[in-house]
Amino acid sequence: MKTLRETKIGDTVRVKKLHGEGAVKRRIMDMGITKGVEIYVRKVAPLGDPVEINVRGYELSLRRADAEMVEVE
């Protein structure tokens, strides 16, 4: 299982599954990260937190813990 947190800078991946429950999962989905959407990883901060991505045509920063809940392929 590969997560968004493990994705390298410059890679484009597709969301396979969202883990987590309740409000956390809902918040990730509200940001536009849903099953099947493509995500481009733009930058990762020097200490690994946050991760800057491009999803559905806009820029988004995700905490490392949230990026770990997104399974990609």
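I began with R63 and D66, whose side chains meet in a salt bridge (3.4 Å, N to O), a salt bridge being a side-chain nitrogen of Lys or Arg within 4 Å of a carboxyl oxygen of Asp or Glu. I was working on a predicted model, in which local features need pLDDT of at least 70 and side-chain atom pairs count only at pLDDT 80 or more, while totals for chains, interfaces and linings use all residues. I also noted that residues are numbered from 1 along each chain as its sequence is written, and that side-chain values use heavy atoms, with hydrogens and water left out.

I looked up the surroundings of this pair and found R27, R63 and D66 linked in a network of salt bridges. I read D66 as buried at 4% relative accessibility and R63 as partly exposed at 47%, where buried means under 20% relative accessible area, exposed over 50%, and partly exposed in between (1.4 Å probe, protein chains only).

I then searched the whole structure, which gave eight salt bridges. I picked out R42 and E59, whose side chains meet in one of 2.9 Å, N to O; R42 lies in strand β3 and E59 in strand β5, 17 residues apart, strands being DSSP runs (E, at least two residues) numbered from the N terminus.

I noted that, apart from neighbours within four places in sequence, E52 is in contact (heavy atoms within 4.5 Å) with residues including R42 and E59.

Technical notes:
Helices (H or I, at least four residues) and strands (E, at least two) are DSSP runs, numbered from the N terminus.
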